[in-house]
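Please examine the sequence and the structure shown below before reading on.

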Amino acid sequence: MISPVKVKKGDAILSIENIRVQFNQRCVLNDVNVQVFPGEFIGLIGPNGAGKSTLFKVILGLLSPIQGSVRVLGRAAKSGDRLIGYVPQKLFLDPNIPLRARDLVALGLDGHRWGIPLPSKVRKKRVDEMLKAVDAYRFADSPVGQLSGGEQQRLLIAQALLTDPQLLLLDEPLSNLDIKSAYEVVNLVSRIGREKGIAVILVAHDMNPLLSVMDRVLYLAEGKAVMGRVEDVFRNDVLSGLYGYPVEVLHVNGRIMVVGGNNSGINGYPLECNCCKSEAAT
Amino acid sequence: MLDAGIFTQSFMIHAWIGGTIVAILSAFIGFFVVIRGSSFAAHALPQAGFAGGAGAVLLNINPLCGLAAFAVGGALLIGYLGDKERNDVITALTLVATLGAGALFLGLTNKYATGAYALLFGQIVGVSSDQVVATAFIGIVCLLCLAFLYRPLLLASVSREIAEARGVPVRLLEICFLVVVGLATAIIVPVVGALLCFSLLIGPNATSVYLTSSPGKAMALSLLISLVTVWISIVLAYISGWPIGFFVSMTGALLYACARAVHYFRVKNIRLKAGIIQC
Ligand SMILES: Nc1ncnc2c1ncn2[C@@H]1O[C@H](COP(=O)(O)OP(=O)(O)O)[C@@H](O)[C@H]1O
Ligand SMILES: [Mg+2]
């Protein structure tokens, strides 16, 4: 079916060079460079409107940068690439949509093919295995519209994994999840990524649930990006340089918060994380 | 009165065949109309078809041609001009523009009573054998198209973004689907009428989603409900001489109410068992 792609050690799975993306003259991504290696877990952090979802569209080949190159395993980005698994930011499901958890996951296997699905043992087995892998087997026959946010998120991750991707793109999978479910989803993705050697890029507002699992962080702001280890990116000088005005990185009980600095006019206002909210809730 | 003629007279045989084809087609089209939330388009297209039918009556050509031309034209208009945000506005404009044209065509023709009344409220006795053949042909074409579009359409209904990322040409797919709905309404309208076509498209599926959550079972159940609705309506229309559209919409509404009731008591039962409601 799918020809296995050989990944040599040290070869980047995703290589983005000097891309520039514009919407009606407005530059959303400017001179962004990203390299992701097999099996890496990358947290993609940044304020609203920083261009995180746009970056995913570019990687998926749905949006062409006006400048620069995007290569996935050495090939130009192109939509329909089975090497990329994708979980979009929002899913609006009618509570009564006649679709069970297993139907949603099965769409990941062959939802892009024309025609009606023929019942097959192999198909069912693969779906069942994937449901078990994301710990969703117990609600396999429940209607998707009535599952919780965390349960739906597991199913979306399962459908994205069914094409045997080498790169998994998750757009804000933790928003709308309570803290416990958020940690569960993060641990699940990180475990599967390690086991199968899949590189993961996970977009999050709050980097704190990712701190224990992410290898590197990609921080987007003001159209620019910095990438590196957590301690090299979450520094006053690095992020102030990125934002173009002073920002401060606060460490509170092992948690990280980025807030507007002294002269920025948005003093003390958290710039991208909702950790204040979640802390208030605990 | 109920007599053997209901099965033996040639116009009734045509009615049974035409009604059955229309019931099968509505059940499958309705499944996607309901899960895609395109009820508004499914409401507008039969009205566009009606205008085309009225125009055809005026020009003295086969109403089916006018119906198909306007319903498919309306589908293309909604498909091309409408995007995610402005879809409703474009659909509404298509609806009022074609209804306006329909009013004009009606005003200009003097066959108001017979032809137009049938287009609005449906008439089972008027189906000719040519029309039955055309209905069967269009019905089969629509079903084959729907089977071909099935999986990508389901995926795009769940998430447009995932479908796009998987390389599905989502916009083209949506336009194709609307054209199939338009074509289907062209054969549904003469049987149940433009005003009540909607009830056959929406009713059975809106009912079945309360009874099952498996897509295959939901479609099978809708098919059953749709057939029962149409068959009961044919019998009642034959006996009473009233318009069939009346019986289709009443039966549809009644079955929907029953499904809601069953659903309500089932959910309550589950909650009771789980001890969520304490009595
Ligand atoms: N299709 C589009 N047309 C015009 N502007 C867009 C489009 N998509 C995104 N944008 C703009 O690009 C910026 C980045 O958007 P996005 O990538 O969705 O941000 P994020 O996901 O980081 O919150 C936003 O200001 C948004 O308004
Ligand atoms: Mg986004």
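In this predicted model, the element that gives the most to the shell around ligand 1 is α1(A), with 3 residues.

**The surroundings of ligand 1**

The residues that surround ligand 1 are A:F23, A:R26, A:V28, A:P47, A:N48, A:G49, A:A50, A:G51, A:K52, A:S53 and A:T54. Sorted by class, this shell holds 4 nonpolar, 5 polar and 2 charged residues.

| Residue | Part of the residue | Distance to an oxygen atom of ligand 1 |
|---|---|---|
| A:G51 | backbone N or O atom | 3.0 Å |
| A:K52 | polar backbone atom | 2.8 Å |
| A:S53 | side-chain N or O atom | 2.8 Å |

How much of the accessible area of ligand 1 does the protein cover? Ligand 1 has 560 Å² of accessible area on its own, and the protein covers 61% of this area. Two elements of chain A give two or more residues to the shell around ligand 1, namely β2 (26-36) and α1 (52-59).

**Salt bridges**

Over all chains, the count comes to 23 salt bridges. One of them joins the side chains of A:R216 and A:E40, with an N to O distance of 2.7 Å. This pair links distant parts of the chain, since its members are 176 residues apart. A:R216 belongs to strand β9 (residues 216-221) of chain A, whereas A:E40 is in the loop between β2 and β3 (41-45).

Are the two partners buried or exposed? A residue counts as buried when its relative accessible area is under 20%. A:R216 has a relative accessibility of 18% and therefore counts as buried. A:E40 has a relative accessibility of 12%, so A:E40 counts as buried too.

A second salt bridge is formed by the side chains of A:R100 and A:D141, at 3.9 Å from N to O. With a relative accessibility of 19%, A:R100 counts as buried. A:D141, at 48%, counts as partly exposed.

A further salt bridge connects A:D135 with A:R138, whose closest N and O atoms are 3.7 Å apart. A:D135 counts as partly exposed, because its relative accessibility is 41%. A:R138 has a relative accessible area of 60% and is therefore exposed.

Some salt bridges share partners. In this way A:R100, A:R102, A:D103, A:K124, A:D128 and A:D141 are joined into one network.

**The chain as a whole**

How many helices and strands does chain A have? Its secondary structure comes to 8 helices and 12 strands. Chain A has 282 residues, of which 52% count as buried. Among the contacts in chain A with a separation of 6 or more, 62% are accounted for by residues 24 or more positions apart. The accessible surface of chain A comes to about 13,000 Å², and carbon and sulfur atoms account for 50% of that surface.

How values were computed:
Residues are numbered from 1 along each chain as its sequence is written. Chains are lettered from A and ligands numbered from 1 in the order in which they are written. This is a predicted model: local features need pLDDT of at least 70, side-chain atom pairs count only at pLDDT 80 or more; totals for chains, interfaces and linings use all residues. Side-chain values use heavy atoms; hydrogens and water are left out. A residue is near a molecule or strand if one of its heavy atoms lies within 4 Å of it. A polar contact is a pair of N or O atoms within 3.5 Å; within protein, one must be able to donate a hydrogen and the other to accept it, and residues adjacent in sequence count only if both atoms are side-chain atoms. Accessible areas come from the Shrake-Rupley method with a 1.4 Å probe; for residues, only the protein chains shown count as cover. Helices (H or I, at least four residues) and strands (E, at least two) are DSSP runs, numbered from the N terminus. Ala, Val, Leu, Ile, Met, Phe, Trp, Tyr, Cys and Pro count as nonpolar, Asp, Glu, Lys and Arg as charged, and the others, Gly among them, as polar. A salt bridge is a side-chain nitrogen of Lys or Arg within 4 Å of a carboxyl oxygen of Asp or Glu. Buried means under 20% relative accessible area, exposed over 50%, partly exposed in between (1.4 Å probe, protein chains only). Contact means heavy atoms within 4.5 Å.
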